[in-house]
Amino acid sequence: MKPHTLSVLVENKPGVLSRVTGLFSRRGFNIESLAVGTCEEPEMSRITIVCIGDDAQIEQVMKQLNKLIDVIKVSDITENDRVERELALIKVTAEPGSSRAEIMQIASIFRAQIIDVGSRTVVLSVTGDTEKIDALEKLLRQYGVKELVRTGKIAILRGTKTVKSAK
Amino acid sequence: MKTGAKILIEGLQREGVETIFGYPGGVVLPIYDELYNSSLRHILVRHEQAAAHAADGFARASGRVGVCLATSGPGACNLVTGIATAYMDSVSIVALTGQVPTSLLGNDAFQESDITGITLPITKHNYLVKRTEELGHVIREAFYISRTGRPGPVLIDLPKDVSTKEIEYEYPESEQVNLRGYQPTYRGHTRQIDKAIEMMMEAERPLLYVGGGVISSNASAELVSLAEMMGIPVTTTLMGIGAIPCDHPLNLGMLGMHGTRYANYAVTESDLLIAIGVRFDDRVTGKLDTFASQARIIHVDIDPAEIGKNKRVDVPIVGDSKAVLQEMRERIQKRKEYERWLSRIRTWKEKFPMKYPRDGVLRPQFVIEQLSELLAGEGIIVSEVGQNQMWTAQYYCFRHPRTWITSGGLGTMGYGFPAAMGAHFARPDQVVFDIAGDGSFQMNIQELGTVSHYQIPVKVAILNNRFLGMVRQWQELFYDRRYSYTELPAVDFVKIANAYGIDGMRVEDTNDVRPALQAAIETDGPFILDFRVEREENVFPMVPAGAAINEMIGGLNE
């Protein structure tokens, strides 16, 4: 049982996302993270799904996804050399004074940006892989995380290879 | 200029549809108005569920796409059981539903229900058509998706304004459907087929395990030809019955929970299971890890998701049963004798024949045997669900594919009667019987109205035991005979039939069975037979839930 990253190319039509997510819940598969957006093809979208399961379960997920008429291609890119990113927006309690300076220092170490400064809070924007965002969140907890918004993971293959060309 | 409704009717006719089953309502008024002057035949059912089952029965008996039509909200929701039934058994139907106008969508309008949402898990695909301009294309695509690959139900939801809007529209003469996300594989991989043949040559105890996929791909002739050429015995699932004649020497009958002892023994001892158009359903396999545990497995199916879903497979072959069987046969160079295996199977067959007491008591098995003899394997037999279904599967001698129509996967009580109506329109030349239980028949008994209205010559043989028999059987065997809510009061079905203007007959004695069946067959219109059978008869052999399939109760030659 390990996390698999599936890259799913779908028709950009209404209802496609619910067809895909409905299939997961119906067949008892769990989604760890999900991100969806347009892609390089004008009439398609790409859904990146992270789900946990053994090989047989993942094979079944992929086969069932492939059966959906609006799904064009399903690729498990877990074994491929790839870059993965998530984005998080974190609102942290930052009273003027020393804690605010510390937060800004931490932000710079993590290459996070301060995108909003209020009288008692700051908002950080950070991108990276899951572990990096988890680490930053953990560090910021001591100051008080008032709100945290996180996207699902997106992934792309390194080098000239593309998901479409990968098997 | 054409309205959406007109485009719809034209589209159906272009797809070769002649008969549809439906029920009118508010938002489908424009469609019904178009039907009024159309050459399409519309059969008015008495409940939308029956429309879906009738379309399904039509599809199974004919191999064509069945069509049903219902209004929005309750009408559409009433189709759901029928659509789910077709989905579980991979039957090609197109369900058309009305919808509230697009301007009201999502407003909880009168008779609005999100039917595309509701049917998402039980359709192969579905459409909510928002523009009349898309309609022609959607119809073409829906029929294409429904009948190709692994067949299945497709639903088209039509908002009222889409039906009424007028547009300039000419049907393209030959529009190719090309869906980049849907490319079924028909031809099996040659190397895999060769590997399968190699395994057949290495095997000592091979067994063909065939199901509904062989029926739906019209591959019976190819199956029988391969079995005969190689001398490999065949067992069929409930859905595969009819793929090989019942009395063929290589046929072992049905396997699984209520299969024959010899079929289940053969699976257990086989060293090569050649599975074609089956899905290793739990009613077939019993305890999964003991199922065919000595066998290597070849699995042929058009749906890749079925391969390896329940059981690890040695040689997967994705493809259409017919094409793969044909190619297998062509590529086989050598022959092999499995004489020891066949003789072992013959011994089982002799030792454990299918039988029931012949003691003058009116038993349901006797009724089915009599009908089987009378029709001599002709006719179309539809069943309800439960004991009636299992006895028919066990004791009716089917000789042709598409003559046995039953709800296998979903196990829908009330399926048989309306499906029999549909089967009649598919094969008007055939006698159509619905073998029913008194419980199942009462689930869609309102269709007596339809059958009477159109004089649809469906014969119903009710095996009336005043019990929900299969549930009662389980209560008897596993719940200490505590018959909790399974006893039904007596119903005079002949009187009910008469009230609809339908003839019927009650039968209480074995001597009257044959004449009564004969009378039903000779009647031009519908006919209801009420057989008052032994009340606590059980279906045997039986594999208890969770047991291995060779651990059966009953069917021993005491």
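Which strands of chain A does helix H1 (residues 16-26) of chain A lie across? Helix H1 of chain A lies across E1, E2 and E3 of chain A and runs at about 150 degrees to E1(A). The model is a predicted one, in which local features need pLDDT of at least 70 and side-chain atom pairs count only at pLDDT 80 or more, whereas totals for chains, interfaces and linings use all residues. Residues are numbered from 1 along each chain as its sequence is written, and chains are lettered from A, with ligands numbered from 1, in the order in which they are written.

Helices (H or I, at least four residues) and strands (E, at least two) are DSSP runs numbered from the N terminus. Axes are lines fitted to C-alpha atoms, for helices over the stretch in contact, and angles run from 0 to 180 degrees between N-to-C directions.

**The sheet of chain A**

Four strands of chain A form an open sheet in the order E2-E3-E1-E4, with antiparallel pairing; two strands count as paired if DSSP finds at least two bridges between them. Strand E2 (31-38) and strand E4 (71-76) of chain A are the edge strands, each pairing on one side only, and the twist averages 15 degrees from one strand to the next. Strand E1 (residues 2-11) and strand E3 (residues 44-53) of chain A pair in the antiparallel sense over 10 bridges, and A:Thr5 stands opposite A:Val50 in E3(A).

| Helix | Strands touched | Direction |
|---|---|---|
| H2 (residues 55-67) of chain A | E1, E3 and E4 of chain A | about 165 degrees with E4(A) |

The axes of helix H1 (residues 4-14) and helix H6 (residues 132-147) of chain B come within 9 Å and cross at roughly 10 degrees, which makes H1(B) roughly parallel to H6(B) (angles under 35 degrees count as roughly parallel). From H1(B) the contact takes B:Gly4, B:Ile7, B:Leu8 and B:Gly11, and from H6(B) B:Thr132, B:Leu135, B:Gly136 and B:Ile139.

B:Ala419, in helix H17 (residues 416-426) of chain B, is buried, with 37 other C-beta atoms within 10 Å (the cut-off for buried is 20 or more). Leaving aside residues up to four places away in sequence, B:Ala419 touches B:His53, B:Ala54, B:Asp56, B:Gly57, B:Val382 and B:Ile405.

**Between the chains**

The contact between the chains takes 12 residues from chain B and 14 residues from chain A.

Key: Two residues are in contact if their C-beta atoms, placed from the backbone, lie within 7 Å. Angles under 35 degrees count as roughly parallel, over 145 as roughly antiparallel, 65 to 115 as roughly perpendicular and the rest as oblique. A residue is buried if 20 or more other C-beta atoms lie within 10 Å of its own, exposed if 12 or fewer, and partly exposed in between; C-beta atoms are placed from the backbone.
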